[in-house]
Amino acid sequence: MTPATTFAGRKVALFGLGGSGLSTARALIAGGASVAAWDDGEPGRAKAQAQGVEIVDLTSADWREFSALILSPGVPLTHPEPHWTVARAREAGVEVIGDIELFCRERQAKAPGAPFIAITGTNGKSTTTALIAHLLRSAGKDVQLGGNIGTPILDLEPPSEARIHVIECSSFQIDLTPSLAPSIGILINLTPDHIDRHGTMENYAAVKERLVAGADVALIGVDDAFSHAIGARLTERRREGQRIYPVSAARALDWGFFIEDRKALYREAGHAPEETETLGDLEGARTLRGAHNAQNAAFAAGAAWHCGLSCAEIARGLLTYPGLPHRMEEVGRRGRVVFVNDSKATNADAAEKALLSYDDIFWIAGGKAKDGGIEPLRPLFPRIAKAYLIGAAAQDFARTLEGAVTYEQCGTLDVAIARAAEEAALSAAREPVVLLSPACASYDQFANFEARGDAFRLLARELHAHAPIAGETP
């Protein structure tokens, strides 16, 4: 835990008692603050009370007593309208902040030189964050990984100059962190997202910009127009000592970090092409397939290089990265057949990344469909050897695939994986892939995408252990 000592002896309001809210309450109490916590749901209040957190009905509280409102990032700060607690706080002149802000203040007070890497972007945040942590740990560094990925930031060990915090930040979290000033700030990319919570794309981009604007070293993507504009603007007005680097997976750059021929490269400004450093080769990195993962790797390599890792250490780390569960996760092999769990792909846009990353695909798709179905994936249909359809969307998906992709109605995941594995083993392809990338939510047959992915992983392993596939040696 990181005790939040900067509010010691003061009273704070806290709204939202999910995972990060409870973590924040515990850290504030450990740091000597008096916490008045509330949640609209009785289960959240009961769980907090059982852990010794004081529950106070903030609807009738005297807000003049509070030094701050600590808000859960899932609660609206501005759009579609400020939450009622935000309105009450502003009326009383009380600042509204989040758990990452508490960490930033603790770092500033106790260890201002502590390494702090903050990562944001519309896509790829979790993979880039986990990959950076893996590269650093592989090189023997003391790393704390969390934030919007996994562990709430205040449940991590406290900042120190011998410890590196690698923190994924959502736009909601950045909005609640006015003093965000990481030692390394990363903005991967920007596409329209969360407009309901930020009002406009411009507002959303402005929130994301704050993470890199406050960084000592900023790594900024140049492969989309919004990020490119942010990089140009910050470069023009950068403060003394701030270093800003462009990052691209789409083209070679005159300088900065980029991917070329599946290699992660770095070139110093003003240096000749022959002076380019090779930080790592992605050709053998099985968990970093696809252009989107090449972008993630370019950022991770750049962050690791700035943390002092050698090219050899970065190269080894890229090859040994295990990947994240349910995100193009290789869960087994059977002879030539590879089983890939991409259960996190709950819409067509997410499934597109996996379909772009493989050839000779035996595709398991379906579930509870999102708007638009799989029609946007039509240009990728030639990559699919056969589709195995499951769940509520099966009939709709069949209509889209008709005449373009051979398909089979399987109903459930266990039937689909057995059929896909059998036919993939008979394929003449060099490395056929049984791919679960459903392009659907899971709620028709599973509690969530994690449960769906766990079931696929288990089924793949059972097939490997107990059910020889036609044409393969057990």
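**Cavities and their linings**

Biologist: Which residues line the second largest cavity?

Modeller: This is a predicted model, in which local features need pLDDT of at least 70, side-chain atom pairs count only at pLDDT 80 or more, and totals for chains, interfaces and linings use all residues. Residues are numbered from 1 along each chain as its sequence is written, and side-chain values use heavy atoms, without hydrogens and water. A cavity is a set of points, on a 1 Å grid over the protein atoms alone, where a 1.4 Å probe fits but cannot get out, and lining residues have an atom within 4 Å of a point. The second largest cavity is lined by V75, L77, T78, F172, D175, R197 and H198.

Biologist: Which helices each supply at least two residues of that lining?

Modeller: Helices (H or I, at least four residues) and strands (E, at least two) are DSSP runs numbered from the N terminus. For the second largest cavity, the suppliers of at least two lining residues each are helix 6 (171-175) and helix 7 (195-198).

Biologist: Which element gives the most to the lining of the largest cavity?

Modeller: L14, F15, S20, G21 and T24 are among the residues that line the largest cavity. Strand 1 (11-15), helix 1 (19-30) and strand 3 (68-71) are the elements giving two or more residues there. With 3 residues, the top contributor to this lining is helix 1.

Biologist: What is the volume of the second largest cavity?

Modeller: Grid points are joined across faces, edges and corners, and a volume is the space filled by probe spheres set on the points. The largest cavity holds about 50 Å³ of space. For the second largest cavity the volume is about 40 Å³.

Terms used
1 Å grid on protein atoms, 1.4 Å probe; cavity = no way out; pocket = protein on both sides within 12 Å on 5 of 7 lines; lining within 4 Å.
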